[in-house]
Amino acid sequence: MPGISMPLGNMFCSRCGDGFEPHEKIVNSNGELWHPQCFVCAQCFRAFPEGIFYEFEGRKYCEHDFHVLFAPCCGKCGEFVIGRVIKAMNSNWHPRCFRCEMCDKELADLGFIRNQGRALCHECNAEAKAVGLGKYICHKCHGLIDDKPLRFRGEVYHGYHFNCTACGIELTSEAREVRSRPGFAANEMNELYCLRCHDKMGIPICGACRRPIEERVVTALGKHWHVEHFVCAKCEKPFLGHRHYEKKGLAYCETHYHQLFGNLCFVCNQVIAGDVFTALNKAWCVHHFACSVCDQKMNQKTKFYECDLKPVCKKCYDKYPNELRRRLRKAHEQTPKKSPA
């Protein structure tokens, strides 16, 4: 090869130690000579693809085996890390793979804080810390909010970051967010007002969330409500225009009002919405007040007898043996009667 001036007999292969034949190809790598068949990966003993090899501690490896033996694997994607390696959290990472586990920002140049086994950016760590203390993080200054937060456009803030749109006074958490007002387009950005200025605007306040109601208003129980906040006191489902029943300052849907304060049919256990038949200390709906023997429907004017706490029509009762009727009559006469209140 060019640049080699020593006699051929003084040249030997760096791997096998044998000499070279005249006109034989010789591989020269950093002054070391090799037979082409000897210039192979120290791990897999195969020729280097496209002549590319990696050298470590005096031994040469193909790219694949060098990665397997010496290159770190990314703790997220599992691929070999070539070039810049981020060592953190007892693992190695590609810079693009080492991210905040809450907001997904790359942390390679931002720095991170270890929080309960998670790598978090400084902002998310502060937020996680605040949640643990039962507090909020201001969306503007990223500081802890010790008092009640001001909620604005879906985020929470210190109130003193804002001023009233009308009078300019510094706001508190009691400020009201207004979505739209007469003369403003529907897509205008929301605005904040102090309580005094808001009250002058005449916008009703929801009895549940205490926030302004700019759209459809439900008026009930002496208060105003957002449609989605006017709910049954028992199941908490919105009425959405359906009928509600009031009891002691609370609103109930039909089903739960009757379950709590109304009547359920002794037979079908369903709410009795219409006429109620009361007999034998039980309530019955129109469809199920019937003779327990022949199943003939009865009404409040139908004469019936009690047998085993169930109603029996006169026709069926007359078919009973005389002795049974005598015992039933005697038991009925011995039943103590309640004194009128």
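## Nonpolar cores

A nonpolar core is a set of buried Ala, Val, Leu, Ile, Met, Phe, Trp, Tyr and Cys residues joined through side-chain atoms within 4.5 Å. Buried means under 20% relative accessible area, exposed over 50%, and partly exposed in between, with a 1.4 Å probe and protein chains only. The model is predicted: local features need pLDDT of at least 70, side-chain atom pairs count only at pLDDT 80 or more, and totals for chains, interfaces and linings use all residues. Residues are numbered from 1 along each chain as its sequence is written, and side-chain values use heavy atoms, without hydrogens and water.

The largest nonpolar core comprises 16 residues, and Phe162, Cys164, Leu171 and Leu192 have the most contacts inside it. At least two residues of this core come from each of β11 (150-152), β12 (155-157) and β14 (191-193); strands are DSSP runs (E, at least two residues), numbered from the N terminus. Beyond its neighbours within four places in sequence, Cys164 is in contact (heavy atoms within 4.5 Å) with Ile169, Leu171, Leu192, Tyr193, Cys194 and Cys197. Cys74, Ile86, Ala88 and Ala119 are among the 15 residues of a second, separate core.

## Domains

Domain 1 (13-70), domain 2 (203-261) and domain 3 (264-334) are given by the domain assignment, with bounds from an automatic or database source. The centres of domain 1 and domain 2, taken over C-alpha atoms, are 83 Å apart.

## Cysteines

The structure holds zero disulfides, a disulfide being a pair of cysteine sulfur atoms within 2.5 Å. Cys97 is buried at 11% relative accessibility; its sulfur lies 3.8 Å from the closest cysteine sulfur, in Cys74, and is therefore too far for a bond.

Cys209 is likewise in no disulfide, with the nearest cysteine sulfur, that of Cys206, 3.8 Å away. Cys209 is partly exposed, at 26% relative accessibility.

Definitions and conventions: Helices (H or I, at least four residues) and strands (E, at least two) are DSSP runs, numbered from the N terminus.
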